[in-house]
Amino acid sequence: LEDLSLRQLVWKELSRREDNDFQFREKLKTLNEINAGLGVCDSLDEVCRQAVLLGKDRLGFDRLSVWMFDAQTDRMHGTYGVDEHGMLRDERGTNWEIGGSPLVEFVHGSTTPIVTADAAPNYNNRSEIIGYGWHISAPLNYGGQFIGYMTADNFLNHQPMRNYQPELLRSFAATLGHYVAHHRMRASTEKLSDTVHSKQERIQLLG
């Protein structure tokens, strides 16, 4: 009986791992499709908005949000996130100081997702505790520099964390970092071009 019970436990564990591996492969396929869609977004706002919506609807995360880091002020600035009712929320007016938070690890170069246990606090966009569950944060990097992060939790459905979800979020954030940097550089180039044209127009008027 003990031998039978042990074999049943081993078989159950192997089946669970096989199921997780299959789900991870399927999620990675979906992530590739999402990344291709983000590549045709025409603005940084739209990239962040679509990343949150598609990450929730197609990757199975309860809540997601995307934050940008301002190295000059040492503050995080919100973009979009999922609220306590599962709806998209505009968080562009939200910001907070990163100093003292675990995210400082990302500033110092860590790329390992920060994972908290099932009893960790879940927050709203005003940093108020609204419940408890698991929580994952993954950095957005470009050129070795920390430029923002994605965060996910299980506030809505309270499902146990799948062992592949931290790596899935890390992969998503890694690609998103490239899109964010691309749109930032494009915006900077357009601003510089507008400045040059404005100066040329003033010189022509004075001439």
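This report walks through the pockets, a strand and its neighbours, and some salt bridges of a predicted model.

## The largest pocket

Among the contributors, S5 gives the most, with five residues. Sorted by class, the lining of the largest pocket holds 13 nonpolar, ten polar and five charged residues.

## The second largest pocket

The second largest pocket has a volume of about 250 Å³. Here 17 residues form the lining, with Gly-60, Gln-159, Pro-160, Arg-162 and Gln-165 nearest the centre.

Helix H1 (residues 2-38) gives the most to this lining, with four residues. By class, the lining of the second largest pocket has five nonpolar, eight polar and four charged residues.

## Strand S1 and its neighbours

If you look for strand S1 next, you will find it mostly covered, with seven of its eight residues buried. S1 pairs with S7 in the antiparallel sense over six bridges, and Arg-63 stands opposite Asp-153 in S7.

S1 also runs antiparallel to strand S2 (residues 75-82), joined to it by five bridges. Ser-65 has Gly-81 in S2 as its bridge partner. The hairpin of S1 and S2 has four residues between the strands, and in this hairpin Asp-74 takes a positive phi near 60 degrees.

## Salt bridges

The structure holds eleven salt bridges. In one of them, Asp-45 and Arg-92 bring their closest N and O atoms to 2.6 Å apart. This pair links distant parts of the chain, since Asp-45 sits in helix H2 (residues 44-59) while Arg-92 is in the loop between strand S3 (88-90) and S4, 47 residues apart. Asp-45 is partly exposed, at 33% relative accessibility, and Arg-92 is partly exposed too, at 41%.

Other salt bridges lie within a helix. Glu-46 and Arg-49 form one with their closest N and O atoms 3.9 Å apart; because they are three residues apart in helix H2, about one helical turn separates them. The side chains of Glu-167 and Arg-170 meet at 2.7 Å, N to O, and they too are three residues apart, in helix H4 (residues 165-206), so about one helical turn lies between them. Finally, salt bridges that share partners join Arg-63, Glu-84, Arg-89, Glu-91 and Asp-153 into one network.

Key. Residues are numbered from 1 along each chain as its sequence is written. This is a predicted model: local features need pLDDT of at least 70, side-chain atom pairs count only at pLDDT 80 or more; totals for chains, interfaces and linings use all residues. Side-chain values use heavy atoms; hydrogens and water are left out. Helices (H or I, at least four residues) and strands (E, at least two) are DSSP runs, numbered from the N terminus. Ala, Val, Leu, Ile, Met, Phe, Trp, Tyr, Cys and Pro count as nonpolar, Asp, Glu, Lys and Arg as charged, and the others, Gly among them, as polar. On a 1 Å grid over the protein atoms alone, a cavity is a set of points where a 1.4 Å probe fits but cannot get out, and a pocket is an open set with protein on both sides within 12 Å along at least five of seven lines; lining residues have an atom within 4 Å of a point. Grid points are joined across faces, edges and corners, and a volume is the space filled by probe spheres set on the points. Buried means under 20% relative accessible area, exposed over 50%, partly exposed in between (1.4 Å probe, protein chains only). Two strands pair if DSSP finds at least two bridges between them. A salt bridge is a side-chain nitrogen of Lys or Arg within 4 Å of a carboxyl oxygen of Asp or Glu.
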